[in-house]
Amino acid sequence: CEIGEADFYVGSYSFGDRTRAFLKVQDGCDYKCTYCTIPLARGISRSDTLGNVLENAKKISEKGIKEIVLTGVNIGDYGKGEFGNKKHEHTFLDLVKALDTVEGIERLRISSIEPNLLKNETIDFVAQSNAFVPHFHIPLQSGSNAVLKAMRRRY
């Protein structure tokens, strides 16, 4: 592969003939689960800047689209790599709170979030939000602690 390293982030969104847009805010993963090739294929966890995410959300709103689905490889890790480092300059909760204020967007959805990264504060905020749909897709690989440990999952 001619790509040596994936250590930067370029914000993006997509829309078409549907009623919603998909706004990618994060890419990559730092987890090293036994079965997964995402860290090799997608690179390290990195995020779009909060300012750029809000700008993209405003552009989506200006196109008359009323719903945004937030996407990412490991969306709960949002903020990591935002400024080229491994620190979280902003958290997923910061992102959710900021997007809740974008005018013209009536519905916001969170595509999928790891169980260990979904915090009570985020659940509480979404529960009282006017824009966020009160639904979480939480991928659970197994209900067995032994299997999860063998998979090197973080929950």
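Biologist: What covers the buried residues of helix 3?
Modeller: In this predicted model, the cover includes strand 2, helix 2, strand 4, strand 5 and helix 4.

Biologist: What makes helix 3 mostly covered?
Modeller: The count does: six of its eight residues are buried. They are F92, L93, L95, V96, A98 and L99. To be listed as buried, a residue needs a relative accessible area under 20%.

Biologist: Which residues have the most contacts inside the largest nonpolar core?
Modeller: L70, L95 and L99 do, in a core of 33 residues. Two or more residues each come from strand 2 (20-27), helix 2 (50-62), strand 4 (67-72), helix 3 (92-99), strand 5 (107-110) and helix 4 (120-128). Helix 3 gives the largest share, six residues.

Biologist: How do you know what L95 is in contact with?
Modeller: The test for contact is heavy atoms within 4.5 Å. With neighbours within four places in sequence left aside, L95 passes that test with V25, L50, V53, L70 and Y78.

Biologist: Why is helix 3 called roughly parallel to helix 4?
Modeller: The axes of the two helices cross at roughly 10° and come within 10 Å. Angles under 35 degrees count as roughly parallel, so helix 3 is placed in that class relative to helix 4.

Biologist: Why give both an angle and a distance?
Modeller: Two packed helices are described by the angle between their axes together with the distance between those axes.

Biologist: Which residues of helix 3 and helix 4 meet?
Modeller: From helix 3 they are F92, L93, V96 and K97, and from helix 4 they are E121, T122, F125 and V126. By class, the residues of this contact are five nonpolar, one polar and two charged.

Biologist: What makes the buried residues of helix 4 line one face of the helix?
Modeller: The buried residues here are T122, F125 and V126. Viewed down the axis of helix 4, they fall within an arc of 95°, so they line one face. N120, D124 and A127, on the other side of helix 4, are exposed, a word that requires over 50% relative accessible area. Helix 3 and strand 5 are among the elements covering the buried residues of helix 4.

Biologist: Why does I75 count as buried?
Modeller: Its relative accessibility is 1%. The limit for buried is under 20%, so I75 counts as buried. I75 sits in the loop between strand 4 and helix 3. Apart from residues up to four places away in sequence, I75 touches V25, Q26, L70, F92, I110, S111, S112 and I113. One of these, I110, is 35 residues from I75 along the chain, with 8.4 Å between their C-alpha atoms.

Biologist: Why is F22 called partly exposed?
Modeller: F22 has a relative accessible area of 34%. Buried stops at 20% and exposed starts over 50%, with partly exposed in between, so F22 is partly exposed. F22 lies in strand 2. Residues up to four places away in sequence aside, F22 touches S12, Y13, S14, V69 and T71. From C-alpha to C-alpha, F22 and A57 are 9.8 Å apart in space and 35 residues apart in sequence.

Biologist: Is G11 buried, partly exposed or exposed, and why?
Modeller: The relative accessibility of G11 is 25%, so it counts as partly exposed. G11 belongs to the segment before strand 1 (12-14). Leaving out neighbours within four places in sequence, G11 is in contact with D48, N52 and N56. The C-alpha atoms of G11 and K24 are 6.6 Å apart, for a separation of 13 residues in sequence.

Biologist: Is C33 buried or exposed, and why?
Modeller: C33 has a relative accessible area of 7%. That value is held against the limit of under 20%, so C33 is buried. C33 is in the loop between strand 2 and helix 1 (38-42). Not counting residues up to four places away in sequence, C33 touches M151, R152 and R153. A150 lies 117 residues from C33 along the chain, and their C-alpha atoms are separated by 8.9 Å.

Biologist: What is the phi of R152?
Modeller: Phi is near 60°, a positive value in a residue other than glycine. R152 is found in the segment after helix 5 (145-151).

Terms used
Residues are numbered from 1 along each chain as its sequence is written. This is a predicted model: local features need pLDDT of at least 70, side-chain atom pairs count only at pLDDT 80 or more; totals for chains, interfaces and linings use all residues. Side-chain values use heavy atoms; hydrogens and water are left out. A nonpolar core is a set of buried Ala, Val, Leu, Ile, Met, Phe, Trp, Tyr and Cys residues joined through side-chain atoms within 4.5 Å. Buried means under 20% relative accessible area, exposed over 50%, partly exposed in between (1.4 Å probe, protein chains only). Helices (H or I, at least four residues) and strands (E, at least two) are DSSP runs, numbered from the N terminus. Axes are lines fitted to C-alpha atoms, for helices over the stretch in contact, and angles run from 0 to 180 degrees between N-to-C directions. Angles under 35 degrees count as roughly parallel, over 145 as roughly antiparallel, 65 to 115 as roughly perpendicular and the rest as oblique. Ala, Val, Leu, Ile, Met, Phe, Trp, Tyr, Cys and Pro count as nonpolar, Asp, Glu, Lys and Arg as charged, and the others, Gly among them, as polar. The arc is that of the directions from the helix axis to the C-beta atoms.
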